[in-house]
Amino acid sequence: MAEGKLKGRRIASMAFAREISKTLRPLLIRYRPSLTSSAPFVLTKKIQESAVPAVAVPIPAKESPPILDLEDTGRLYTTVKTGELIRSLATLYPMAVGPAVDVGMAVMRSRAVEESWAVRAAVMGMVRRTVYRQFCAGEDAEEAAETLRRLWKEGMRGILDYGLEDAEDGAACDRNLAGFLSTVELTATLPPSSVSFACVKITAISPIKLLERVSDLLRWERKDPSIRLPWKRPSLQILTDASPLYHTPRAPPPLTEEEERELHLSHNRLATLCHHCSGAANLPLLVDAEYTSVQPAIDYLIYAAALDFNKDERRPLVHGTIQTYLKDSKERLIQAVDGAKKAGISIGFKLVRGAYLSRETALASSLGMASPIHRSIQETHACFNDCAAFMIERIVKGSCSVVLATHNLESGKMAAAKAEELGIGKGEQKLQFAQLMGMADGLSLGLRNAGFQVSKYLPFGPVEQVMPYLLRRAEENRGLISTSSVDRELLSKELKRRLWVQVFGKQ
C-alpha cells in the first residue's frame, strides 16, 4: 500500500517536472545568449541526474580585491609607530579648522615676530615642534638624510627639496645652485635608489624679474609671431591658444644686453645641475612649476634643457610640471608630448593640481580678466585624471615618464587601475606616485602596499628659511586640508584599533 502511494507520487512528480520543462524550455532558448554572457554557469549534480532538462544556474562572479586597500589600517600603518600616529593626528586636526590656520598665519607674519627676538624664538620653537616636524624633513642635510633612511626602511623613497624661494639677483642664484648641487651629492651617501628625483625651482637659479621679462616676450611672440627674439634657443612650443596672455597687454621692450647675459647664465646653471644629475648620481630632475606670470620662461628653460639632456628614450632626465588647475594645462601637456616625439626625445612631467589659486585669481581679477583656473574643484579633479590617463597611456606607447603628485584618493585609485588595465608593471620607473611629507600618508602607504613606486616630497632647511614654504602650504591648501578628512579618519581608526588590542588583547 505504502509502496503504491510512493510510486504514484513519483509518477505525479515526473509529470509535474515535464510540465515545468515545457514551460521553461522556450524561455531558456530565448534568453540563453543574455544569460550565458552575463555570468558563468554550472549544472548541479541533482539536476544532471534528474529527468528534468538541465537548467543553467548563475553563480555570481567573485569580485576582484581592490588595487588600493585602505580598510585594513593595521596593515596600512604596520611600519608607523603609535607616537607618530598621535603626533600627526594632533597636528592635522587643528589645521582642518580654518580660523586656527588664519590665526597661526597672522602670528607668524606679525610685526612682533619680526621685531622681537624673544617672540620670534618662541614662535619658531612652536612651529618647529608642530607643522615643521609634520611637513619638513629636517633643518640640514644630515637630518633630511635620516628622515629619508627611515622612509626607505618603510618601503618608500624620497625627493629631497632644499627649501629655497625666489632669487633676486645673480649672486643669490649662484648660492642657491651650490645648495642644489650639494643636495644631489648627498644622494651618494644614502641607500641606493632611496632617492627617486632631484628637484629644483627655476625661480631660485634665475632672477625673478628676468623670468617675468622673458615670459612677457614669449607671450607677445604668441600674439605676434612676426617678432624676433634673438636670444631664444631651440625649445618646444610653450603656449597654446587657451593660455592666459593678459599679463602682457602691450609689446614689451626687448631684453637688454645685461638681461641676455643673465639669461645665458640661467641656462648654464640649469645645465650644470643636469650634468650633476646625469653623472654619478644617475638621478632624474624634477623642475617645479610656479605662477603664470613667470611659467612661460620656466617652460622655455625646461624644454631647451630637455632637447639637450632627454636623448635617452628609456627615461627622460629633465621633467617639467603641469598644474592641472589651469584651464590650458591639458592642451599644453599634449602639445609638449607631441613636440618631444617629433624632436626625437623622451619627455617627463610631474602632474599636480596647483598651489597658487589665491594669487592667480587675484591677479586676473585685478586686470579685469577671467581666472585661468577651472571654475570648480571637480573640474580640476577631472582635468588631473584626464592628464594622468593620457600620460599613463603614453608610457605604454612611447618614451614618456610621469610623476603623479596627488593627495586625492580617487585619483590614486583611478591611476592605479589604469596602469593595471594597460599591463604596466608596478616596478615601472616611468610611473611614480608622490605626496608631500606629512600629507596623504594613507594614500602613500596604500600605494606602497599595492607595489607601486611611491616617494615623499621632503623639503628641508632651517625653520626661518623654510617658513615661506610652510605659509604657502597653510594658505594655498587650506581648503584641501579642511576637506580631505581621509587621513584623519584613517589615523583615528588605527589608534582606536591599537587601543582595543592593548586593552582586550585581540582584534
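The model is predicted. The protein has 21 helices and 10 strands. Of its 507 residues, 49% are buried. Among contacts between residues at least 6 apart in sequence, 78% join residues at least 24 apart.

**Largest cavity**

- The count comes to five cavities of 30 Å³ or more.
- The largest cavity has a volume of about 300 Å³. Its lining holds 20 residues, and the closest to its centre are Glu84, Ser88, Arg150, Gly438 and Asp441.
- Four helices each supply at least two lining residues: H4 (82-95), H7 (117-135), H8 (141-153) and H18 (441-449).
- H4 gives the largest share of this lining, with four residues.
- By class, the lining of the largest cavity has eight nonpolar, five polar and seven charged residues.

**Second largest cavity**

- The second largest cavity holds about 110 Å³ of space.
- Among the residues that line the second largest cavity are Arg219, His247, Asp299, Asp328 and Arg332. Leu239, Pro244, Pro296 and Leu326 also belong to the lining, as do Ser243, Thr292 and Gln295.
- Helix H13 (residues 295-309) contributes the most to this lining, with three residues.
- The lining of the second largest cavity divides into four nonpolar, four polar and four charged residues.

**Helix H4**

- H4 has 14 residues and reaches 20 Å from its first C-alpha to its last. That is close to the 20 Å expected at 1.5 Å a residue.
- The buried residues of H4 are Leu85, Ser88, Leu89, Thr91, Leu92 and Met95.

**Helix H9**

- H9 (residues 170-186) has 17 residues. From first C-alpha to last, H9 reaches 24 Å, close to the 24 Å expected at 1.5 Å a residue.
- Asp169 caps the N-terminal end of H9. A side-chain oxygen of Asp169 lies 3.3 Å from the backbone nitrogen of Ala171.
- Buried residues of H9 include Cys173, Leu177, Phe180, Leu181, Val184 and Leu186. Gly170, Ala172, Asn176, Gly179 and Thr183 are buried too.
- The buried residues of H9 pack against helices H8, H10 (202-205) and H12 (257-278). They also pack against strands E3 (157-162), E4 (195-200) and E10 (454-460).

**Ala388**

- Ala388 lies in helix H16 (residues 377-397).
- Ala388 counts as buried because its relative accessible area is 4%, under the 20% cut-off.
- Ala388 touches Leu351 and Leu404, leaving aside residues up to four places away in sequence.
- Ala388 and Val352 are 36 residues apart in sequence. In space they are 9.8 Å apart, C-alpha to C-alpha.

**Positive phi outside glycine**

- Asn282 is not a glycine, yet its phi is positive, near 50°. Asn282 sits in the loop between H12 and strand E5 (285-287).
- Asn282 counts as exposed because its relative accessible area is 63%, over the 50% cut-off.
- Ala440 also is not a glycine and has a positive phi of about 55°. Ala440 lies in the loop between strand E9 (431-436) and H18.
- Ala440 is buried, with a relative accessible area of 9%.

Technical notes: Residues are numbered from 1 along each chain as its sequence is written. This is a predicted model: local features need pLDDT of at least 70, side-chain atom pairs count only at pLDDT 80 or more; totals for chains, interfaces and linings use all residues. Side-chain values use heavy atoms; hydrogens and water are left out. On a 1 Å grid over the protein atoms alone, a cavity is a set of points where a 1.4 Å probe fits but cannot get out, and a pocket is an open set with protein on both sides within 12 Å along at least five of seven lines; lining residues have an atom within 4 Å of a point. Grid points are joined across faces, edges and corners, and a volume is the space filled by probe spheres set on the points. Ala, Val, Leu, Ile, Met, Phe, Trp, Tyr, Cys and Pro count as nonpolar, Asp, Glu, Lys and Arg as charged, and the others, Gly among them, as polar. The expected span of a helix is 1.5 Å times one less than its number of residues. Buried means under 20% relative accessible area, exposed over 50%, partly exposed in between (1.4 Å probe, protein chains only). Contact means heavy atoms within 4.5 Å. A polar contact is a pair of N or O atoms within 3.5 Å; within protein, one must be able to donate a hydrogen and the other to accept it, and residues adjacent in sequence count only if both atoms are side-chain atoms.
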